[in-house]
Amino acid sequence: MGKHWVIGLMALLCGSLQAAESCPDTTAQYGKARAIVADLGRITTPNGVQESWAEQAGGIAQWVTARGQDRDNPVVLFVHGGPASPLTPTLWQFQRPLEEYFTMVTYDQRAAGRTFADNPPDAVADTLQIDRYVDDAIAIAEAVRQRYHKPKVILMGHSWGTIVSMRAALKRPDLFYAYVGVGQVINVRENERISYDYAVAQAKAHHNVEAERELASIAPYPGNTPITRERIVSARRWAQYYGGMTAYRDTSDYFFNGPLLSPDYRDADRCAIDASNVFTLGRVLPEFLAVDFTGVQQFPIPVLMFMGRHDYTTPSEPTAQWLAKVRAPMKQGVWFEHSAHMMPWEEPGKLLVSLLTYVRPLAVSAPGK
């Protein structure tokens, strides 16, 4: 895997890319480890679910992965971040306990991971708009609901996925028992400001001359100057170095290198993660920078926000402020005190307990469940 810096919601590759067609064969190096991960992750219960399939959504085949110990459990549709940072190749790191209580479903979005590898880029290049991603999520939710004979599903999004999921919940609330935002985006420009200010404060506190110099070169940030890839990289590099992506860590290599041990991905799919990051960035960046949910004053379904206390990738302060004001049938904020942006990986136990305490009852007690 290449070296990444996650900026805002985009995972960008710093350095050269390997095209999928020139991907090295890593079987000899990692094959035995993947076999162990695969064996540990096998669903063996009689009523379990372990399957992956290509679902037609928005005119292309999008790869869906579903896992759970009991298909009678509520379904969670987990929409990944990025926008081209799929969950599938790192599910093995955190998801197994969740699978005892939920059927966990995720999908590689258009121009992400396996979906990117299996669809010609030219076929999707002109379709990378947020509304298209939202309609895709709705189509996947419909398909999953029918496949597992559920009247509704629970919708959960992470990072970029919260933009897609929140809009999907607003557009089709009839499909969902509840919406869970993990590392929620409320206002992108405000997030950029908070993240930058945190990086500056940390650089000064640690007398990091290199960081201070780089951050000063883009000041004021975001300001009135166009927010380019280069400015975002400079701002995000140091916020994340000082624990703004994974709390108390200056790197998140466990996540970026995690796909190397995934039994669910081919080498071409692993290389497609890097390639798709770069492919999507320029196409979605203008829309992404304009995202602002502060005007949403009423939410049609129960809404829960899982917030990392140390998150300076999608800072939690705007989310907490929004949640305090919004009107909804039910709302709940949960603070993850030892997490930054990667809550499912950083505090998986608290993620499970929070879902069991606040979310699962909304599905199992619903009429016609």
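This is a predicted model: local features need pLDDT of at least 70, side-chain atom pairs count only at pLDDT 80 or more; totals for chains, interfaces and linings use all residues.
**Ring clusters, charges over rings and helix packing**

Ring pairs join Phe94, Phe255, Phe256 and Trp345 into a cluster.

**Thr90**
- Thr90 is found in the loop that runs between strand 5 (75-79) and strand 6 (103-107).
- With a relative accessibility of 1%, Thr90 counts as buried, because the cut-off for that class is under 20%.

**Aromatic pairs**
- The count of aromatic pairs comes to 13, and one of them is formed by Tyr179 and Phe299, whose ring centres are 6.0 Å apart and whose planes stand at 35°, so the pair is classed as tilted.
- Tyr179 belongs to strand 8 (residues 176-182), whereas Phe299 lies in the loop between helix 10 (267-289) and strand 9 (303-308), so this pair ties together parts that are 120 residues apart in sequence.
- Both partners, Tyr179 and Phe299, are buried.

**Charges over rings**
- The charged end of Arg114 sits over the ring of Trp63, at 3.5 Å from the centre of that ring.
- Lys350 lies over the face of Phe336, and here the distance to the ring centre is 5.5 Å.

**Packing around helix 8**
- Helix 6 (residues 188-205) packs with helix 8 (residues 229-244) at an angle of about 60°, the two axes being 8 Å apart, which makes helix 6 oblique to helix 8.
- The crossing in which helix 6 passes helix 8 is left-handed.
- On the helix 6 side, the residues that meet helix 8 include Asn191, Glu192, Tyr196 and Gln202, while those of helix 8 that meet helix 6 include Ile232, Arg236, Trp238 and Tyr242.
- Helix 7 (residues 209-216) also packs with helix 8, and their axes come within 9 Å and cross at roughly 150°.
- The crossing of helix 7 with helix 8 is left-handed, and in it Glu210, Ala211, Glu214 and Leu215 of helix 7 meet Ser234, Ala235, Arg237 and Trp238 of helix 8.
- Ala235 and Trp238 of helix 8 are among the residues that meet helix 6, and these two residues are also among those that meet helix 7.

Terms used. Residues are numbered from 1 along each chain as its sequence is written. Side-chain values use heavy atoms; hydrogens and water are left out. Helices (H or I, at least four residues) and strands (E, at least two) are DSSP runs, numbered from the N terminus. Buried means under 20% relative accessible area, exposed over 50%, partly exposed in between (1.4 Å probe, protein chains only). Rings of Phe, Tyr and Trp (its six-membered ring) pair if their centres lie within 6.5 Å; planes under 30 degrees apart count as stacked, over 60 as edge-to-face and the rest as tilted. A charge sits over a ring if NZ of Lys or CZ of Arg is within 6 Å of the ring centre and within 35 degrees of the ring normal. Axes are lines fitted to C-alpha atoms, for helices over the stretch in contact, and angles run from 0 to 180 degrees between N-to-C directions. Angles under 35 degrees count as roughly parallel, over 145 as roughly antiparallel, 65 to 115 as roughly perpendicular and the rest as oblique. A crossing is left-handed if the near helix is turned anticlockwise from the far one by less than a right angle, and right-handed if clockwise. Contact means heavy atoms within 4.5 Å.
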